[in-house]
Amino acid sequence: LINGAINGMIGALDDPHTNYMDPKEAQEFQSSLESSFQGIGSEVSLENGKVTIVAPLKGSPAAKAGLRPKDQIISVNGESLEGLTLTEAVLKIRGPKGTEARLQIIRPGVDGILTIVVIRDDIPLETVYAEKIGEIGKIQVTQFSFNTAERFKEELANLEKRGIKGLLIDVRGNPGGLLDSVVEIGQSIIPQERVIVKVEYRDGSQEQYSSKLKSKKYPIVVLA
């Protein structure tokens, strides 16, 4: 009743950036920010009320078992996912290393329901992907997790050693994450004394994070 009342109050705000997590959901969110988790290794979303595979992670149990983008997971080990939030569904899909996740799948273009068994494992969580395109460096950041800033600085240093003349940072689809990680990355790319982020508290006080970095010798563009 208490959880329901809190969810009702939060829902009345009609604010997509405000939600309530019960202890299990909070634990799941916390684990999503760590450098690894235990599960099947697939990014999922909620599409038309159905838990849908966005993409299995490369080399993950999900990929090895044959899961594909657009597969809809309707049940896990006999438990229906109908009507669950995405977080609630993910809690059922994830589980300890070595345990079995028996998934019932609806696959576009395939008649009937497929049953795919995935053995859960440790899934390393990579959030930074870098490449050099001609003379331009590109870094994609998929989420701001505990090790994201460290990985960003590593990849940026590697690109600079290879002689880039510009940098493209891609944060499209990034759901957010840790403020500390964002600030640390900002210190690596934003010119000196420019504001990285400003936080305003409900009492009206403000906290501002500014960069101490000297200007980069190349232009930087962000895709958001």
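This is a predicted model: local features need pLDDT of at least 70, side-chain atom pairs count only at pLDDT 80 or more; totals for chains, interfaces and linings use all residues.
The model holds 15 salt bridges. One of them pairs K50 with E82, with the closest N and O atoms 3.1 Å apart. K50 belongs to strand 3 (residues 50–56), and E82 sits in the loop between strand 5 (79–80) and helix 4 (86–93), so the bridge ties together parts that are 32 residues apart in sequence. K50 is partly exposed, at 27% relative accessible area. E82 is exposed, at 56%.

D71 and R107 form another salt bridge, with a closest N and O separation of 2.8 Å. D71 lies in the loop between helix 3 (61–65) and strand 4, and R107 in the loop between strand 6 (100–106) and strand 7 (114–119). This pair links distant parts of the chain, 36 residues apart. D71 is buried at 1% relative accessibility. R107 is also buried, at 10%.

D121 bridges to K97 at 3.9 Å between the closest N and O atoms. D121 is in strand 8 (residues 121–124) and K97 is in the loop between helix 4 and strand 6, so parts 24 residues apart in sequence are tied together. D121 is partly exposed, at 30%. Elsewhere, E126, R151, E154 and E155 are linked in a salt-bridge network.

Two buried residues make side-chain polar contacts. S75, in strand 4 (residues 72–76), has 6% relative accessibility and is therefore buried, the limit being under 20%. Its side chain meets that of Q104 in a polar contact of 3.0 Å. D170, in strand 11 (residues 166–170), is buried at 4%. The D170 side chain makes a polar contact with the R172 side chain (2.9 Å). Beyond four places in sequence, D170 contacts K138, I139, Q140, V141 and L223.

How values were computed. Residues are numbered from 1 along each chain as its sequence is written. Side-chain values use heavy atoms; hydrogens and water are left out. Helices (H or I, at least four residues) and strands (E, at least two) are DSSP runs, numbered from the N terminus. Buried means under 20% relative accessible area, exposed over 50%, partly exposed in between (1.4 Å probe, protein chains only). A polar contact is a pair of N or O atoms within 3.5 Å; within protein, one must be able to donate a hydrogen and the other to accept it, and residues adjacent in sequence count only if both atoms are side-chain atoms. Contact means heavy atoms within 4.5 Å. A salt bridge is a side-chain nitrogen of Lys or Arg within 4 Å of a carboxyl oxygen of Asp or Glu.
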